[in-house]
Amino acid sequence: MTTQQANGLKRTGSVAGAGAVVAAIGMFAAAPTAIAAGLLVCWGIAFVTLIGYIDTLS
């Protein structure tokens, strides 16, 4: 894995973490839109990060 690929995976992982934070705040605030948006970002970016990581292994 190159340094550029590692930095890209770290960046997308950070975005997924931010989505999880938004979802958690939405749960505490009982805001369904924030929960949905946070989980969409978290799961979507986590999936993209996983695919990117698997692609670097081959």
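A contact means heavy atoms within 4.5 Å.

## Basis of the model

This is a predicted model: local features need pLDDT of at least 70, side-chain atom pairs count only at pLDDT 80 or more, and totals for chains, interfaces and linings use all residues. Residues are numbered from 1 along each chain as its sequence is written, and side-chain values use heavy atoms, with hydrogens and water left out.

## Overall fold

The protein has two helices and zero strands. Its radius of gyration is 13 Å, well over the 10 Å that the globule rule gives for 58 residues, so the protein is more spread out than a compact globule. That radius is taken over C-alpha atoms, and the globule rule is 2.2 Å times the number of residues to the power 0.38. Along the principal axes, the C-alpha atoms fill a box of roughly 40 × 15 × 10 Å.

Helices (H or I, at least four residues) and strands (E, at least two) are DSSP runs, numbered from the N terminus. Helix α1 covers residues 3–29. Helix α2 covers residues 32–57. Take the contacts in the protein with a separation of 6 or more: residues 24 or more positions apart account for 47% of them.

## Surface and burial

Accessible areas come from the Shrake-Rupley method with a 1.4 Å probe; for residues, only the protein chains shown count as cover. Buried residues make up 16% of the 58 residues. Here buried means under 20% relative accessible area, exposed over 50%, and partly exposed in between (1.4 Å probe, protein chains only).

A nonpolar patch lies on the surface. Met1, Phe47, Val48, Leu50, Ile51, Tyr53, Ile54 and Leu57 form it, with about 820 Å² of accessible area together. Patches are made of residues with over 30% relative accessible area and no salt bridge; like charges are joined within 9 Å, nonpolar side chains (Val, Leu, Ile, Met, Phe, Trp, Tyr) within 5 Å. A salt bridge is a side-chain nitrogen of Lys or Arg within 4 Å of a carboxyl oxygen of Asp or Glu. Ile51, one of the patch residues, sits in helix α2. Ile51 is partly exposed, at 43% relative accessible area.

## Between the helices

Ala16 lies in helix α1. Ala16 is buried, with a relative accessible area of 9%. Residues up to four places away in sequence aside, Ala16 touches Cys42, Ile45 and Ala46. Within the chain, Ala16 and Thr2 are 14 residues apart in sequence and 21 Å apart in space, C-alpha to C-alpha.

Thr12 is also part of helix α1. Thr12 is partly exposed, at 23%. Beyond its neighbours within four places in sequence, Thr12 is in contact with Ile45 and Thr49. Thr49 belongs to helix α2 and is buried, at 16% relative accessible area. With the neighbours within four places left out, Thr49 contacts Leu9, Thr12 and Gly13. Thr12 and Gly38 are 26 residues apart in sequence, with 14 Å between their C-alpha atoms.

Gly52 is found in helix α2. Gly52 is partly exposed, with a relative accessible area of 25%. Its C-alpha atom is separated by 8.5 Å from that of Gln5, 47 residues apart along the chain. Thr56, in helix α2, counts as buried at 19% relative accessibility. Leaving out neighbours within four places, Thr56 is in contact with Met1 and Gln5.

## Threonine side chains

Three threonine side chains reach backbone oxygens. Thr56 reaches the oxygen of Tyr53 at 2.6 Å. Thr49 reaches that of Ile45 at 2.8 Å. Thr12 reaches that of Leu9 at 3.1 Å. A polar contact is a pair of N or O atoms within 3.5 Å; within protein, one must be able to donate a hydrogen and the other to accept it, and residues adjacent in sequence count only if both atoms are side-chain atoms.

## The loop

Ala30 is in the loop between α1 and α2. What is the phi of Ala30? Phi is near 55 degrees, a positive value in a residue other than glycine. Most residues other than glycine have a negative phi. Ala30 counts as exposed, at 62% relative accessibility.
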